[in-house]
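Here is a report on one chain, written for a reader who wants the geometry with its cut-offs. Please keep the coordinates open while reading.

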Amino acid sequence: METDEEDVSRIVPFQLQFDKPLASQIKIAEWNPEKDLLAMVTEDSKILLHRFNWQRLWTISPGRCITSLCWRPDGKAIAIGLQDGTISLHDVENGKLLRSMKPHTVAVVCLNWEDDAGEEVSDGNFVAKYEDRTSRFFPPAPRAPRVPGLVPGETGFMDESENLSQELSNSSHQRFNILCSADKEGVISFSIFGIFPIGKIGIHDFSVSCPLANQHVDCRLLNASISKVVLSKDLCHLTVLCSGELQVPEHDLHGFHCLTLDTSIFYKRRNELHQVAQQASNIEDLTEVIRASLSVMSKQWSDAMHTFHDKFGSLSSLIHDHGLDSTPQEEFLSLIGGARTSPAVHQFLVNSLGEVGLKRISKLVCGAGKELQVIVLEHLQPAAEMIGFRIGELRGLSKWRSRYQGIGLDETLISHATEKSGMLLIQVQRFMRVLSSSVQQFSNFFNWLHKCVKMLMSEPSDQHQFLAFNSELVILFLKYLYDQDPVKRLLESTEVDHSIEVDSETMERVEELAHFGGFTDLDYLRRTLAKEFQQMESCFKEAFRMPFTTISKKILCQNLSPLFPIESISKSASSTVPTSISYYKEAMHSKQHSFVDYITFILPDEPSSELANCVVVMRCLMNNDLEAVLLCVPDGYRCVDLSLYKECQLVLLLNGPSSENLEKACMTIVQAYDLPFVSIPNSDASSPWKLHELKDSIVYLEMDSLKVRGIPHSVIAPLAVSASRGVACVFATRKRALVYILDEDEDEISDAE
C-alpha cells in the first residue's frame, strides 16, 4: 500500500484542469502571450480560439491549408501562415481578417513575432519615443467605400464595422516589433508591426566562414529546409534551425544545422524604423482607400452611362429606319431650334422613352454623379490629403541623412513621391470640376427633354411646372457630352496611354509656374486621375523598396554550426524535428540587458548514429560560445514534443511503454540551467558535427522526479505551453485535449475563470 501511495504522490504535481473531447485532431496550438486564450489549428485547417475554461470564442476557415501560426506580442492579433505563401492577420476579438500579404511564394513553415524588450532610451538630443502628429491636423482616416447593393463580405471592400485593418497601422502606441516568417525554400522575411515589409534573405545565399578542423573555411548551405526561426528579445539576433546540405571543401555535410544571423540593425535603428514604418504603412492603407474609391466610382458611373447609351442608342436605329441621314445630335438641335419634330424623334420620345423612362434615366445618371461627389469628398480627397501630409513627414526625416540614410530612406525618391502626391490632389480637384459640370449638363438636358415629351404628348400643363433649363447648355451637351464621356476618361485605368489634349497657352502658363519652384512635372495636365494615381503608387513603391533592400543587405550570418548528420534529406525533414527556442535574461550581468539563447530539440534517430532517444539542450553565451547537453530519455519512453518554459525550464511530453497501466504517457519539467552543460569546441576534421562531441557526457532523465505527471492517454504533438499563465495543453491520440496547471502558484487561474 505504501508503494501505491508513493506512486499517487508522484503523479500529483500538475493539476488537471480540463479533459475535453475534440471534433478534429489538432496540428498547431499556441497560447496567447497576454490572455487566457488558446488558438488551435485542426487537420482540416480551421482555426479555433478557446478561453482557458474551454469556451469557444470563434472559428474561422481561410479556405487554404494552414502551415504555421503565432501571436502578436501584445496578444491583440494572430498571424496565420498558409500553404501558398500568404500571411493573414486576424483580430483576436472576433477572428476577422485585418490584413493579408504574400511575402513568400511557397508554404510558410514557421512564424515568430517579437517586440523590443529593451527599455526606452534617449540618444543625445534625439527622443526615442515617437508620436504620430497626423491626428493633430486631420480627423480619423477615411474608410474604403462600399459598392452599393452588395452585402458586406461579397466584395473586397468592407464596411465601417468590418474595416479593422487600420488599427494595425496605428502603431504609435505599440512597442517596436518584428514579424519574422520562413518558408520551405529557406527564405526568411521580416515585417515591422507585421504589415510593413522591411527585409528578406535566403539562407542559401549566405557564403559563411564555418569553424572546421581548427580553422575557418568558406561554406554554403544548399537545399535548406527551415524548422524554426526565433528573434532574440532585443531583436539583435535571429536563431535558425534547419536541415540541408552544407558545402565545404572536399566534402558535403548532410544534416541539421544552427545559424545565428546578425539582426542588430533592428535594435540600433528601431526608433528610425518605427517612424518610417508608421508613416509608410498608413500611406499604404490610404492608397488602398483611393484605389477602392476609384474602382467604386468607375463602376457606378460606367453602369449609369451604359444605361443611358443603351436607351438613347435606339434613336440612331429609328432614324435609320425612317430613311433619314442625320445624327441624334442633329435631330435634337433641330428640335431645340423650333423645327418640326421628325417621326423618328417623336417615336423615340413618346413611345420608346416616355416620361417615366426619362425620369428613371435622369435619376440614375444624376444620382450616380452625386454619389461620385460624395465618395470624392468623404473618401478619396481626405485620403489624398493625409497621404500628402504623411509623405511630407517622411520627406522631413529623409533630410536627416545621418540617421535615415543608413536605413535606406532616400531623399530624392521621397521628394519625388511627395511631388506626385501633390499632383494627385490637383487631379482630384480637376475631376470634381469635370464631374460637377457633367452632372449639371446632364440634368439640364433631361429637364429640356422632359418639356419636349410633355409637349409631344399634348398634355395640358402649366409652363411653371416645367423644370428650368438653359438652351445654350443643351447645345453644349449635344456637342461635347452626348457621345463623349470625360468623367469615364479620367477614371479609366488601362494600359493604353490616353493623353488629354492641352492647349499651348495653358502649357505655357504651367511652364511659367514651374519656374517659381515646387514641382518639376510639366505633363500632369495630360494625365487622367487614374494614371496619376498609378504614377504616385509606383513612386511610393520605389521609395519604400529602398529601406527594404538596404536592411536586407545588413542582415548577415554571424555563425553556422553543423549539429548532427541526417542521411536522407527531404524538404519535410526539418519540419518533423520538434524544436523550441527561447531567450532568458542573463542573471550574471545585472547592469547590462543581455539574453542567453536556449535551443532544444529532439534528436532524430538515425540508423548509423550512436546517439538515440535523446533531447538536445543548447545555449549560446554572450561571447558566442556554444554549450550543450544531451538528455537521454529512459528506455520505453519516446519524447513526442517539448517546449522551453519560464525560468529556463524545459517541459517534455513523453509517451510511455506499452502496458496495461493507466498512465500511457507523462509530462515532466527539467530545470535547464541545472544541467551539466559542456562547451562545444570547434569540430575537427574527423568529426565535423558539434553534437558528436557530447557522446561521452550524456545525462539520463530520471522519471522518479517530483515533477512528473502521468497522463491516461497516448499523446501526440503539439504541446502548447503558456509561460505567462503557467499552463500546458496536451493533445491525446483519441481526439482529446487535456489542460494542466504547471505551477502550484497558478491555481488562482481556475478560480478567476
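**Basis**

This is a predicted model, in which local features need pLDDT of at least 70, side-chain atom pairs count only at pLDDT 80 or more, and totals for chains, interfaces and linings use all residues. Numbering starts from 1 along each chain as its sequence is written, and side-chain values use heavy atoms, with hydrogens and water left out.

**The chain as a whole**

The secondary structure comes to 14 helices and 31 strands. Both are DSSP runs, numbered from the N terminus: helices are H or I with at least four residues, strands are E with at least two. Of the 753 residues, 53% count as buried. Buried means under 20% relative accessible area, exposed over 50%, and partly exposed in between, with a 1.4 Å probe and protein chains only. Take the contacts in the chain with a separation of 6 or more: residues 24 or more positions apart account for 65% of them. A contact is heavy atoms within 4.5 Å.

**Helix packing around α6**

Helix α6 covers residues 328-336. It packs against α9 (residues 411-456) at an angle of about 65°, with the axes 12 Å apart. Axes are lines fitted to C-alpha atoms, for helices over the stretch in contact, and angles run from 0 to 180 degrees between N-to-C directions. That makes α6 roughly perpendicular to α9. The classes are: under 35 degrees roughly parallel, over 145 roughly antiparallel, 65 to 115 roughly perpendicular, and the rest oblique. The crossing of α6 and α9 is left-handed; in a left-handed crossing the near helix is turned anticlockwise from the far one by less than a right angle, and in a right-handed one clockwise. On the α6 side, Phe 332, Leu 335 and Ile 336 make the contact. On the α9 side, Phe 445, Trp 448, Leu 449 and Cys 452 do.

Helix α5 (residues 270-321) also packs with α6, at about 90° and with the axes 9 Å apart. The two are therefore roughly perpendicular to each other. Here Phe 312, Leu 315, Ser 316 and Ile 319 of α5 meet Pro 328, Glu 331 and Phe 332 of α6.

One aromatic cluster includes Phe 312, Phe 332, Phe 445 and Trp 448.

**Aromatic pairs and charges over rings**

How many aromatic pairs does a search of the whole structure find? It finds 31. Rings of Phe, Tyr and Trp (its six-membered ring) pair if their centres lie within 6.5 Å; planes under 30 degrees apart count as stacked, over 60 as edge-to-face and the rest as tilted. Take Tyr 598 and Phe 677: the centres are 6.2 Å apart and the planes are at 80°, so the pair is edge-to-face. Tyr 598 lies in strand β20 (residues 595-602) and Phe 677 in the loop between β25 (665-671) and β26 (678-679), so the pair ties together parts that are 79 residues apart in sequence.

The charged end of Arg 619 sits over its ring, 4.1 Å from the centre. Likewise, the charged end of Arg 270 sits over the ring of Tyr 267, at 4.3 Å from the centre. The criterion is NZ of Lys or CZ of Arg within 6 Å of the ring centre and within 35 degrees of the ring normal.

**Accessibility of selected residues**

| Residue | Relative accessible area | Class |
|---|---|---|
| Phe 14 | 1% | buried |
| Tyr 598 | 3% | buried |
| Ser 45 | 6% | buried |
| Phe 677 | 14% | buried |
| His 713 | 17% | buried |
| Glu 647 | 57% | exposed |

**Single residues**

Phe 14 is in the loop between α1 (2-10) and β1 (15-21). Phe 14 and Leu 742 are 728 residues apart in sequence, yet 5.2 Å apart in space, C-alpha to C-alpha. Not counting residues up to four places away in sequence, Phe 14 touches several residues, including Met 667, Val 708 and Leu 742.

His 713 is in the loop between β28 (708-711) and β29 (715-722). Leaving aside neighbours within four places in sequence, its contacts include Asp 19, Lys 664 and Arg 736.

Some backbone details remain. A cis peptide bond joins Ala 717 and Pro 718, with omega about 10°. Pro 718 is in strand β29. Ser 45 is not a glycine, but has a positive phi of about 60°. Its place is the loop between β3 (37-42) and β4 (47-51). Glu 647, also not a glycine, has a positive phi of about 55°. Glu 647 is in the loop between β23 (638-645) and β24 (649-655).
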